[in-house]
Amino acid sequence: YKLSVAPEMDIMEYCRKEWRGSTPVAKRMRKGYEAVAQKFASIRRVRGDNYCALRATLFQALSQATQLPSWLQSEDFAMLPENLLRKYDWIKQWQLKQKRGRKMGEISDEIKECAILLRQKWKNISEIKDPIEKQEACDKLFKNEEEEYSVYEALKFLMLNTAIKLYNDDKNGRRVPVFSWLLFARDTSSDPCQLMHNHLNHIGHSGGLEQVEMFLLAYALQYTIQVYRLYKYSTDEFITLYPNDPEEDWPVVTLITEDDRHYNIPVRMCQETVL
């Protein structure tokens, strides 16, 4: 099995290997990596196959998990696929990885299995106290292709559920975050059904997550995703938060990107930062 998240490497060593030239872009990237290296000692490369935003975010969340998030604790969590399918017939066209054309019953059962697997993995990993053991358990999950892709299916479905809630809240005159308007202002996702067909069904197959979908992922997980966007070094957007006005009690995960398409993971916070 190939590990989807490569072993640690010194962050500046990685930068020197990747960005040797003297072009303005290479110089900016080096400056960006130097800034990240003030806070983190190492980097782990994430396999780039259109799942990398989900992979990097989930890997970071599980690596530091000490408890099950409240949304995973609820009784209804495993029933979510069934309940949504009962209300929204169009969800039958949800596209599971490498498996097309299923009957309705099957699709809700399959997503339910994915959801239960996500909860079980999160619970098991969060209960491990020893940091080395915890890391080994994470690595093990991200080496097992079948399980790994199943938990992404659960995450994508969670994003759909969150989008449906936001869409309905807005329609019923409740306050919604700004990104929700942007999400549904696109020609390709004017409602959750279109969002599923044109975006969520393609994640991992023919496309990754767009900027506005990073907000949706953060809301679905109830995590703040902090991203060092290296090509934006020396601008206000160098460190971007999804959402930009996070809830105070949401845990934070940190990612690195050079282009807003592929994400890697910074690890090992430098001592002075931890203090």
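Phe 179, Phe 215, Tyr 219, Tyr 242 and Trp 250 come together in one aromatic cluster. Rings of Phe, Tyr and Trp (its six-membered ring) count as a pair if their centres lie within 6.5 Å; planes under 30 degrees apart are stacked, over 60 edge-to-face and the rest tilted. The model is predicted: local features need pLDDT of at least 70, side-chain atom pairs count only at pLDDT 80 or more, and totals for chains, interfaces and linings use all residues. Residues are numbered from 1 along each chain as its sequence is written, and side-chain values use heavy atoms, with hydrogens and water left out.

The count of aromatic pairs is 18. Tyr 51 and Tyr 149 form a tilted pair. Their centres are 5.1 Å apart, with 50° between the planes. The pair links distant parts of the chain, 98 residues apart. Tyr 51 sits in the loop between strand 2 and helix 3 (52–63). Tyr 149 belongs to helix 8 (residues 145–171). Helices (H or I, at least four residues) and strands (E, at least two) are DSSP runs, numbered from the N terminus. Tyr 51 is buried, at 0% relative accessibility. Tyr 149 is buried too, at 9%. Here, buried means under 20% relative accessible area, exposed over 50%, and partly exposed in between (1.4 Å probe, protein chains only).

A further pair joins Phe 59 and Phe 142. The ring centres are 4.9 Å apart and the planes stand at 70°, so this pair is edge-to-face. Phe 59 lies in helix 3, and Phe 142 in the loop between helix 7 and helix 8. The pair therefore ties together parts that are 83 residues apart in sequence. Phe 59 is buried, with a relative accessible area of 1%. For Phe 142, also buried, the value is 0%.

Helix 3 also packs against helix 8, at an angle of about 100° and with the axes 11 Å apart. Axes are lines fitted to C-alpha atoms, for helices over the stretch in contact, and angles run from 0 to 180 degrees between N-to-C directions. The two helices, helix 3 and helix 8, are therefore roughly perpendicular. Angles under 35 degrees count as roughly parallel, over 145 as roughly antiparallel, 65 to 115 as roughly perpendicular and the rest as oblique. Helix 3 contributes Leu 54, Arg 55 and Leu 58 to the contact (heavy atoms within 4.5 Å). From helix 8 come Glu 148, Tyr 149, Val 151, Tyr 152, Leu 155, Lys 156 and Met 159. The residues of this contact divide into seven nonpolar, no polar and three charged. Ala, Val, Leu, Ile, Met, Phe, Trp, Tyr, Cys and Pro count as nonpolar, Asp, Glu, Lys and Arg as charged, and the others, Gly among them, as polar.

The structure holds 17 salt bridges. Each is a side-chain nitrogen of Lys or Arg within 4 Å of a carboxyl oxygen of Asp or Glu. One of them joins Arg 44 and Asp 139, with the closest N and O atoms 3.0 Å apart. Arg 44 lies in strand 2 (residues 40–44) and Asp 139 in helix 7 (residues 131–141), so the bridge ties together parts 95 residues apart in sequence. Arg 44 is buried, at 4% relative accessible area. Asp 139 is buried at 17%.

Arg 229 and Glu 237 meet in a salt bridge of 3.4 Å, N to O. Arg 229 is buried, at 4% relative accessible area. Glu 237 is partly exposed, at 38%. Glu 237 also bridges to Lys 232, with the closest N and O atoms 3.7 Å apart. Shared partners join Arg 229, Lys 232, Glu 237 and Asp 260 into one salt-bridge network.
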